[in-house]
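Notebook open, viewer running. I'm jotting down what I look up as I go.

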Amino acid sequence: MVKIVFESHDGSERTELELSPGGSVMEAAAANNIDGILADCGGSMVCGTCHAFVSPEWFEKLPEQSEMESALLEYVPDPQPNARLCCQLEVSDAIDGITFTLPESQR
Amino acid sequence: MNSTVNDHIPDHVPADLVVSYDYHGDPRLTNEVHASLQVLHDEAPPVFYTPRNGGHWVVTRFDEIKKVVEDYEVFSAKEMQIPRIENPPYFIPLNVDPPNNIPYRQALMPAFSPKAIKALEAKIRQWAGEIIDNALAKGDGFDFIQEVASVYPVSIFMELMGMPMDRLWEFRNLSDEFFSTNDQQKIHQLSGQIIMAMTEILEQKKAAPADDLMSHILNIKVKGEPISLEEMQNMCFLLFLGGMDTVANVTGYSFRQLANMPELQQRLHDNPADIAKFTDEAIRMFGVISNPRIVAKDAEVFGVKFKKDDMVLCLLPISGRDDRKNGNPHVFDIDRSKEDGHTLTFSSGPHMCLGSFLARSEIRILVEEWFKRVARYEIVPGTELGYRTGFSLALTELPLNTVKS
Ligand code: HEM
Ligand code: FES
């Protein structure tokens, strides 16, 4: 199983998910009604409303961003380094234990 | 509209999936357009085939629609005419399937992103205030659709594009005429006029670039190459088509709903922070665009056999009213949970509305400015409200009486 934590912007809420590998982090968040992930475009990488922040250590370890992903991340309401689109990350053992901090708003 | 197209049911469609539905004006429809359309959820399978308008598939429920609009390999956006026609219109990026749509979408995105729209907020607010003030000055019985809902998005569009404001009235009139006619010849002629006006402005921007969308469009490069004037005109025209009537109609239906909910009016007046929730709920309940797709290859999806070149119509305006997706879907409740608030009003997938962030902000800001000026309002009693149907649902008038704050 893969453990993923979603933490609200101010750290007041934490949701821990135990997932079997497969599918995207966005899909897992949607299936578990994580409030801060909207995913308006359903993972087609045109909306940016599935973004979240990870620690610099995790950021280093994740697979590289496509050009389109980095472009989208520049235009979210409050762009920050270490942001990723959850629809572009696969649930796998490689991210076991990761924490995603949700932005204050997605749009 | 009189349909001269024959009914048709192809051989691969089983009889139990055939239900008659005429998107040009179905007999089920009343002026409560959404409420009368949502009966299709119960009266028909989630994916059914209507013989009307030359015959096409209709998709009514959330999960099925989401699948169709996301699965572009089977359901292509390259043609959107039902029935099909020779030389159908082709818009960029709307009718371009991935991956070729991506460079265009990426080029337009910065101007429509949450960040860009946040920066535009003060200007949007100024327009909202000014337009509402002018409408209220006309006194009771003014037509909200004519005086507010339709002029507002045109003004903001011109602002965003960087079009000269001394052409505001010319452009508002063109837009008004364009969206209120069904006459193909008139539509053709007006399209020409609108594209010509935008081309003139593009030429001016070329000579004197500014920090606006039109100047940006002049500089778009795809695979390192500048795009042609024709592509620029095409994109500008799509933005025009996508961003006017849509906002006007969602706003119209939302204000109509709110007119009949005096307690909610009071709440929004006293607690402007709740207006964002109102906007979300209005968008869930009052989608206005249904989107067509063409089947790109024979495929079996949802246990249904689709054949290459079948046309498919997704009824996005009732996607948020699907009781398999949302609890109490027919109730207008601004406090509903995210779990029960799903909608595809802006579609999903690679063509998910580029203007959705702008549209949401426009509606929210208009309601905020409204309740700074209006304490409560009602529809002029005894009015029979008109509507238009098709791929786009419209409310043609909404005369209001208001009590000032
Ligand atoms: C509440 C108002 C609006 C609604 C309900 C709406 C609805 C939609 C829908 C359903 C689509 C997808 C069409 C398809 O998949 O076939 C779409 C696409 C699009 N919309 Fe909107 N829209 C709205 C406002 C706007 C605004 C304000 C603009 C810009 C000025 C805009 C520009 C576009 C563009 C350019 C596309 C094509 C995107 C692409 O193909 O990548 N829309 N819209
Ligand atoms: S869901 Fe739209 S970009 Fe990830």
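Which strands does α15(B) lie across, and at about what angle does α15(B) run to β11(B)? I find α15(B) lying across β4, β11 and β14 of chain B, at about 105° to β11(B). Angles here run from 0 to 180 degrees between N-to-C directions, with axes fitted to C-alpha atoms, for helices over the stretch in contact; contact means heavy atoms within 4.5 Å. Helices (H or I, at least four residues) and strands (E, at least two) are DSSP runs, numbered from the N terminus.

**Ground rules.** This is a predicted model, where local features need pLDDT of at least 70 and side-chain atom pairs count only at pLDDT 80 or more, while totals for chains, interfaces and linings use all residues. Residues are numbered from 1 along each chain as its sequence is written, chains are lettered from A and ligands numbered from 1 in the order in which they are written, and side-chain values use heavy atoms, leaving out hydrogens and water.

**Confidence.** I checked pLDDT, the predictor's confidence in each residue from 0 to 100. Chain B averages 95, and 99% of the residues score at least 70. For the complex, the predictor gives an ipTM of 0.93 and a pTM of 0.96.

I read the strand order as β4-β14-β11 in chain B, an open sheet of three strands with antiparallel pairing. Strands count as paired if DSSP finds at least two bridges between them. At the edges I have β4 (142-143) and β11 (374-379) of chain B, each pairing on one side only. β11(B) pairs with β14(B), residues 399-404, over five antiparallel bridges.

β1(B) runs antiparallel to β2(B), residues 56-59, and four bridges join them. Y49(B) has W57(B) as its bridge partner in β2(B).

**Ligand 1.** What surrounds ligand 1? I get 26 residues (near = a heavy atom within 4 Å), the closest being R105(B), N291(B), R293(B), H351(B) and C353(B). By type, they divide into 16 nonpolar, eight polar and two charged. Here Ala, Val, Leu, Ile, Met, Phe, Trp, Tyr, Cys and Pro count as nonpolar, Asp, Glu, Lys and Arg as charged, and the others, Gly among them, as polar. α11(B) supplies the largest share of the shell, four residues. Elements supplying at least two residues each include α4 (102-112), β7 (291-295) and α15 (356-373) of chain B.

I then went through polar contacts with the ligand, pairs of N or O atoms within 3.5 Å. The side chain of N291(B) puts an N or O atom 3.0 Å from a ligand oxygen. A backbone N or O of G242(B) is 3.1 Å from a ligand nitrogen. At L94(B), a polar backbone atom sits 3.3 Å from an oxygen of ligand 1.

Most residues other than glycine have a negative phi, and most peptide bonds are trans. I noted a cis bond joining I82(B) and P83(B), omega about -5°, and another from P98(B) to P99(B), omega near 5°. P83(B) is in the loop between β3 and α4 of chain B, and P99(B) is found in the loop between β3 and α4 of chain B too. N33(A), not a glycine, has a positive phi of about 50°; I located N33(A) in the loop between α1 (25-31) and β3 (51-53) of chain A.

Terms used
Polar contact = N/O pair within 3.5 Å; in protein donor to acceptor, adjacent residues only side chain to side chain.
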